[in-house]
Amino acid sequence: MLSERNFARQIDLTSLQLFVAVCELGSIGRAAEREFIAASAVSKRLSDLEATLGTQLLYRHARGVRLTPAGESLLHHARSMMFSLEKMQAELSEYADGVRGHVRMHASISAIVQFLPEDLGAFTHAHPQVKIDLEEHLSAEVLRAVQEGAADIGVCNGAAGTGELQTLPYRQDQLALVMPLQHPLANAPELPFEAALDFDLVGLHTNSSIHQAIHQAATQAGRSVRLRIHVTGLDAMCRMIANGLGLGVMPLRAFELMRATDTLHAVPLTDAWAARQLMLAARDFSTLPVTARLLVDHLQARANGMPSAHAA
C-alpha cells in the first residue's frame, strides 16, 4: 500500500486533468482532441493511474467509457483539486498585480443589509490592497459554500445549524413586525408573532430562516400563516407592505436603515426566536489565509465595539 508521501509523488496533475476530461466527455478520443494530445498517450496515462491506485477507474466499451465506483470517488477529489489550483493561480496573479490578498465571503441578506457595509468599508479603508468577494445567499447556502470550499468565510443566522463548521459570534439582531402606520397593531410597544396570524403576510424566500421561523411558530400555536406573496428582498417586502398587501417580519435595524418610517411602522417581536445571533463560519479559522484571518479579527472587533487591532 502506498504511503501518503509516495502517493503524492506518484500522482501527477496532468494525468488527473486528463482523467477529468475523459469523464466529462465520456470518451478517450474526444478528451484527446480537446487536450491536444494523442489518444494513445491519454490511454497510457489512465492505465498508469489505475496501476498506481491499484484499482480500476473506468469501464471501457466500444462507445466510450463510464466510471467505476472508485472512478466516481476520484473524479470528485480531482475536480476539487483542479478548483483549488485555479483558485491558487487567480490569487497569486492578484499578488503580481499588487493585491496583497483575496477573501471570498458569503453572507445572508440580514448581515449584508444591517452590518457588513460599514464593517467591510472600514476594513477596506485600512487594507485597500485586500480584495473581498462578497455574495448574498440564504443562511443554509452560506454554510454549504463554506463547507464545500467555495467561500473562506460565511456570515449567517446561527439557528441555521452549522454542522461540523467552526463558528464565532458576530452580531445580534432583533426581528420586528412591519406594518402600515395606521394598522390596528401599530400602537403596541411590542408583540408576539401570534398576533400577526390574524392578518395577511408578505414573506421572504421559502428557504430563508425568517420564513422557516414564522411557519414553525404558527405550527406551535396551532395556526396557519396567511401568506399572500413571496418576495426576495427586504426592500420589496417594504413596498408590498406599504401598498396594503400584508404585514412582514424583518430585522428591526434593517427596517430603520431602509428609512421606510414615513409610511411604515415596526414593532419588535417578543418571541425567543426573534432575538437572533449572527455567526461567522469557517471550516477551520486557524488554517484560513492570513488576510481572511485578518478580516475575521476585524469583524469581531467591530462587533465588540472596539477598533480593529490591525487598522492602519
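Q: Where is isoleucine 109 found, and why is isoleucine 109 called buried?
A: Isoleucine 109 sits in helix H6. This is a predicted model, and in it isoleucine 109 has a relative accessibility of 19%. Buried means under 20%, so isoleucine 109 counts as buried.

Q: Which residues is isoleucine 109 in contact with, leaving aside its neighbours within four places in sequence?
A: With those neighbours within four places left out, isoleucine 109 is in contact with Glu136, His137, Thr232, Gly233 and Leu234. As for serine 80, isoleucine 109 is 29 residues from it in sequence and 28 Å from it in space, C-alpha to C-alpha.

Q: What makes serine 108 count as buried?
A: Its relative accessibility is 6%. The cut-off for buried is under 20%, so serine 108 counts as buried. Serine 108 has its place in the loop between strand E3 (101–107) and helix H6 (109–114). Not counting residues up to four places away in sequence, serine 108 touches His137, Ser139, Val142, Val155 and Cys156.

Q: How do you know whether histidine 183 is buried or exposed?
A: Look at its relative accessible area, which is 15%. Buried is under 20% and exposed is over 50%, so histidine 183 is buried. You'll find histidine 183 in the loop between strand E6 (166–180) and strand E7 (201–203). Setting aside neighbours within four places in sequence, histidine 183 is in contact with Phe199 and Leu247.

Q: And alanine 282, why does that count as buried?
A: Its relative accessibility is 0%, and buried means under 20%, so alanine 282 counts as buried. Alanine 282 lies in strand E11 (residues 275–282). Beyond its neighbours within four places in sequence, alanine 282 is in contact with Val146, Asp152, Leu165, Gln166 and Leu288. Alanine 282 and glycine 64 are 41 Å apart in space, C-alpha to C-alpha, and 218 residues apart in sequence.

Q: Why does phenylalanine 36 get its accessibility label?
A: Exposed means over 50%, and phenylalanine 36 is at 76% relative accessibility, so it counts as exposed. Phenylalanine 36 lies in the loop between H3 and H4.

Q: What is phi for phenylalanine 36?
A: Phi of phenylalanine 36 is near 55 degrees, a positive value in a residue other than glycine. For background, most residues other than glycine have a negative phi.

Q: Which residues meet where H2 and H3 come together?
A: From H2 there are Gln17, Leu18, Ala21, Val22, Glu24 and Leu25, and they meet Ile28, Arg30, Ala31, Arg34 and Glu35 in H3. By class, that contact has six nonpolar, one polar and four charged residues.

Q: Why are the buried residues of H3 said to be on the same side?
A: The buried residues of H3 are Ile28, Ala31 and Ala32. They cover an arc of only 100 degrees around the axis, so they lie on the same side of H3. What covers them includes H2, helix H4 (39–53), strand E1 (58–61) and strand E2 (64–67).

Terms used
Residues are numbered from 1 along each chain as its sequence is written. This is a predicted model: local features need pLDDT of at least 70, side-chain atom pairs count only at pLDDT 80 or more; totals for chains, interfaces and linings use all residues. Side-chain values use heavy atoms; hydrogens and water are left out. Contact means heavy atoms within 4.5 Å. Helices (H or I, at least four residues) and strands (E, at least two) are DSSP runs, numbered from the N terminus. Ala, Val, Leu, Ile, Met, Phe, Trp, Tyr, Cys and Pro count as nonpolar, Asp, Glu, Lys and Arg as charged, and the others, Gly among them, as polar. Buried means under 20% relative accessible area, exposed over 50%, partly exposed in between (1.4 Å probe, protein chains only). The arc is that of the directions from the helix axis to the C-beta atoms.
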